[in-house]
Amino acid sequence: MSLAAKAQARWAISLAGVVQGVGLRPLLYRLAGEHGLSGWARNEAAGVRVEVQGKKEDLTAFVEALRSEAPPGAAIREVEIREAPLSPGERGFHLVESGPGERPRSSLPPDSAPCEACIREMESPGERRSRYPFTNCAHCGPRYTIVLGLPYDRARTTLKGFPLCAACAREHGDPADRRFHAQPIACPACGPRLAALAPDGRELATGEAALAIAAFALGRGEVCAALGVGGFQLLADATSADAIALLRRRKARAEKPFAVMFPSLESLRAACAVSAAEEEALGSQAAPIVLVRRTGARLVAAGVAPGSPWIGAMLPSTPMHRLLLSGAARPLVCTSGNLSTEPLCTSVEEGLSRLQGLADVFLVHDRPVARPVDDSVARVGPTGLQLLRRARGYVPGAIPRREAAPVVLALGAHLKSTVALAAGHEVLVSQHLGDLDSPLATALLERTALDLLRFLDARPDVIACDLHPEYASTRLAERLSARFGVPIERVQHHHAHVAAGMAEHDLEGPVLGLAWDGIGHGTDGVLWGGEALRCEGARARRTAHLRPFPLPGGEVAIREPRRAAAGLLHAMLGAGFAERVSGFFGAEELRVLRAMLDRRVNTPLTTSVGRLFDAIAALAGVRLKCTFEGQAAMELEALADDAGDVEPYPFPLSGDEALIADWEPLVRGVLDDRAGGAPASVVSARLHASLASLAGSIAERAEVASVVLSGGCFQNLRLATSTRATLERRGFTVYTPARFPPNDGGISLGQACIAARRRQGS
Ligand code: ZN
Ligand code: ZN
Ligand code: FE
């Protein structure tokens, strides 16, 4: 042992990342004791600051232990160590309160499902918190949904109205306890409580009896509105066709799949085939909805996800859900507590008024929900977990960025909207806020934008939005730009899709971005959605796209695959199209459609791959009209499983500046297949193969090594998997969004990155 290692030293250590509210300081306290160090630790706005003093070898061991023993919810992104002057005579290690003047940052952790220790405690009859529905500790429990301001401590959470009892206060103050400084802790003596309410607001029962009433109602086939961690959910018996039909009728939701919460992994396995990776995701602290394959077992009624081989499955994500599910003793449909065009209800009053007529019983509590946060949706793809809806368990979760300036507030698109805020060295993306189809939804978008600004104590230098002039998000961007007196940056939709993928994988470019999507405003008046963009920094050049085809009715056609089919055939056959699609429309409908197509009235051109999918779904006899966005493509994807190996249809590329992919030979192939009696499954498999091979041809002419796949079409697992495989076989490195959705939920992130770079002139 060298003399230097034995010498006294003092280190000032700064920890950044997700380091607050995750039980890090109790660990620091314990480790300092174990290594005989003196000093202190304090939550600061930028993270956690620690000063430790002792022998150098002990200091080194302390930092090593800190890395290896960090609690599960923590993500220490940066450890900065500087020598500090010795503090002579210092004794012991202290945890110091955070100062109010600190400029807050986003190191706030997401909400977490209960940890093992809390579950054990709840399930132990003699314990103080036996069967207590709000049990949590420093490693688990609500976070983002209860926090009102930063730095994160109890007085700035929605638990501020619940003074700790003596026993809880002791745990909160004991550095050796797993509840040390756990801000949301509670117990039956001092914490929130459950109540069951009738639809008129009358209290039926509290505590255990409230749970029993809710479970009983569910067993009787009724609908229960339960106030979860981030707002109301509507629950119903997933094993009962009648209960599901009732919920569908009341929610006016004809066929869109519902998620199902299972009481346990065992019960989930009885209804679905679950891989190890899927089990890991289901049991993670984020506890998302995970798309898993249903098996033949009829445990869950077919009406949960009609026509789909997938079920959005989840496990109980809070102690309350654990208790309710074990009481109901069956899987429950679990869907957002809202009307289809409105955001989630978060308060009891709001729930009682806006969910009037939807629920038979309300299971509520008195812990206020600070902001609506829906359940997240994920799937396991070829590269691991991929988020399709990013909300509870993942937000706020910042991603780092290289340049600190400027501050950009980005307002996203129209569907699956989110807000992004780039400030300092990070970008925060809000939770999924839903489609902007109602004034309430737009109000939530604005509230969330202001919420993020307040969190980061930031003022925008620039506001970013889509090119679409009519999106509610664009209009809000214009209002905020005027209010803050800052410029607006309009970002092309598919460029934003690719930029989001680049941001997530920290790519500067050049990359080839394949943005295969529904529709978004192009720079040339065409509705884009089948684009290849060569992207570098903030720049994008369109290098290939589908041959444009007319889309009668424009955005209305999103719900009507038959219109896309009519558009394609009209472009190919002129007046002869009518004969081919006469079975898709009534005589009068067809007359109007023909006039629209002939005269180009309300008939924009599109290059969308999503609409091509729709058209083929119609031509293959799968579906003429949708009850929700993307339905036809989902059904087409599912069918392809039944086909064996198939040849792709021809999909030739021509042109030089921007390549044009001509779908006409493909459509002729589909018509021939159908005329020859080929089943829809074969048509579908060939379509998928054609697109994968098209991606390969486009990439080979792009002179880049990396390809980013983004846009709503890549939610299609078969398309994403086969396109990736084709590109990798040809030597390309392929990136797909994983922590952010490939759909429009990622648009705000892409907008923020492009706008920031444009302002910096790169
Ligand atoms: Zn816990
Ligand atoms: Zn208590
Ligand atoms: Fe999109």
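**Exercise 1.** Is Gln-20 buried or exposed, and which backbone oxygen does its side chain approach?

*Solution.* At a relative accessibility of 3%, Gln-20 is buried (buried means under 20% relative accessible area, exposed over 50%, partly exposed in between, with a 1.4 Å probe and protein chains only). Finally, a polar atom of the Gln-20 side chain lies 3.0 Å from the backbone oxygen of Gly-47.

The model is predicted: local features need pLDDT of at least 70, side-chain atom pairs count only at pLDDT 80 or more, and totals for chains, interfaces and linings use all residues. Residues are numbered from 1 along each chain as its sequence is written, chains are lettered from A and ligands numbered from 1 in the order in which they are written, and side-chain values use heavy atoms, with hydrogens and water left out.

**Exercise 2.** Which residues coordinate the zinc ion (ligand 1), and how are they spaced in sequence?

*Solution.* Step one: the SG atoms of Cys-115, Cys-118, Cys-137 and Cys-140 coordinate the zinc ion (ligand 1) at 2.3 to 2.4 Å. Step two: the spacing of these donor residues is C-x2-C-x18-C-x2-C. Step three: Cys-115 is in the loop between β5 (93-96) and α4 (116-122) and Cys-140 in the loop between α4 and α5 (166-173), so the pair ties together parts 25 residues apart in sequence. Step four: Cys-115 is buried at 13% relative accessible area, and Cys-140 is buried at 0%.

Methods: Donors = N, O, S within 2.8 Å, 3.2 Å for Na, K, Ca; no water. Helix = DSSP H or I, 4+ residues; strand = E, 2+ residues; numbered from the N terminus. Polar contact = N/O pair within 3.5 Å; in protein donor to acceptor, adjacent residues only side chain to side chain.
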